[in-house]
Amino acid sequence: MATLNVANRTLFIGDNLPILRGINSESVDLIATDPPFNKGVKAFEGITKAGENVSYKDVWTWGDVQAEWTNEILGNHPALYSVIQAANASAGDDMGAFLCWLAVRVLECHRILKPTGSMYLHIDHTAHAYAKAMMDAIFGRKNFRNEIVWAYTGPQRALGHFPRKHDTILFYSKGDKWVFNRDAIRIPSKWNELGGFSKDGVKRKNRGKVPEDWWHMTFGPNTKERMGYPTQKPLAVYERIIKASSNEGDVVLDPFAGCATTCVAAERLGRKWIGIDINEEATGVIRDRLQGEVSKSMAWKTLVKTPKKPPKRTDGGAPAAPELRVISRKRNARRWSVKEVRETLLGENGQRCQGCGWEPPYPDYLQIDHKKPRSLGGADEMDNYTLLCDPCNRLKSNKLTLNELRDVRVEEGRVDAVWWAEERWR
Ligand SMILES: C[S@@+](CC[C@H](N)C(=O)[O-])C[C@H]1O[C@@H](n2cnc3c(N)ncnc32)[C@H](O)[C@@H]1O
């Protein structure tokens, strides 16, 4: 297992993707994070206690997605590709683009986690169903542990539906061995789970119970803990997560840190932490928070490091658990006839060359090809088949992968890179 190449108490300011890509594989114990929810809001705004304006956007289009990400997903993560396609088809372009943007980051989170690590993804009703399918595609459904409902109360003018007053937190372990500290999170209970009395009639001590998967925790607008940061979450929620899924001295990462609720909770519980946020105002807020909620006497200004550049990996770029990277669909498990392959691919992508985007007048103009040539180790599986026009097929031959062919076509100016990113998910 690699050692961590980022110091404790580091807060990175910037887009989390290059920063996550700079962290060593299998070096973090717990990721607890609360990304934007795809609410369609141009700017969530707030004024921090220190009087600074903060805002971040939560609206997504395919213009936010880079061709490199779609290539990576299309080439290496077929199940994830299907999930994004489904989200795009059923919920619309914004959902497909949001999921793709989030998925490349969650793929990095998965790589960074130790084999015994866990991830908690905080989301709400807007994208929850799609995010659950995305997490299944990345972590594997067998590693799904809980869908935690954080319920709260507060005013909402709801016409024609019930007020929406809960968020969902998806909890996945990376593998089949993970940390879960039952005794650290017990809450009082009327019922003694061990039974009231032992066999010889001695009254048993009631240890309380492990909380259910729904947590009712109020977090009103005037709660003292509030920092004025939009979409701040309560410390109590993140403290419970950290107590349950990490041990003292473990490393906790939050790549969408906001006003650093996860980092403050980790500090209070004796864990190491790394936070990342694109919003510069997060830096001032976290130092104030640590001062107020952890210790007034510690020199947080020097203790919290804010490097200007992403970290450099020191593990030689080692991938993590490669067998988990490609979670193949069942459709790869059997042999398909040429007719079935053609019909499946035409159904999925339409009558379009997947190299240059040309739409020929007849489907027979398109030829079946291996995305990754057999000569380069590509498999005879549905996920490795694609349809190409004759010029693309000849150019690609057995020398280029599909992604390399597309890069050539984009460079030639035959297809627009953003258009490709958009089109691929339709
Ligand atoms: C829902 S808020 C997190 C709130 C946090 N849990 C708290 O209690 O304050 C989402 C955060 O993600 C940040 N964010 C959005 N895009 C980002 C990106 N590409 N990289 C890093 N942070 C990003 C936003 O600035 C925002 O602070």
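How many residue pairs are in polar contact across the interface of domain 1 and domain 2? I looked this up, and the rule finds zero, with both residues at pLDDT 80 or more. A polar contact here is a pair of N or O atoms within 3.5 Å; within protein, one must be able to donate a hydrogen and the other to accept it, and residues adjacent in sequence count only if both atoms are side-chain atoms.

I noted the basis next. This is a predicted model, where local features need pLDDT of at least 70, side-chain atom pairs count only at pLDDT 80 or more, and totals for chains, interfaces and linings use all residues. Residues are numbered from 1 along each chain as its sequence is written, and side-chain values use heavy atoms, with hydrogens and water left out.

**Domains.** I found domain 1 at 10–179 + 212–311 and domain 2 at 335–423; the bounds come from an automatic or database domain assignment. Their centres, taken over C-alpha atoms, are 36 Å apart.

**Interface.** I looked up contacts (heavy atoms within 4.5 Å). 11 residues of domain 1 touch 11 residues of domain 2. The two domains bury about 870 Å² between them, 51% of it on carbon and sulfur atoms. Buried area is the accessible area (1.4 Å probe) that two parts lose on being put together, summed over both. In domain 1, Trp-62, Asn-71 and Leu-74 lose the most area to domain 2, together 51% of what that side buries.

**Charges.** I checked salt bridges (a side-chain nitrogen of Lys or Arg within 4 Å of a carboxyl oxygen of Asp or Glu). The count between the domains is zero.
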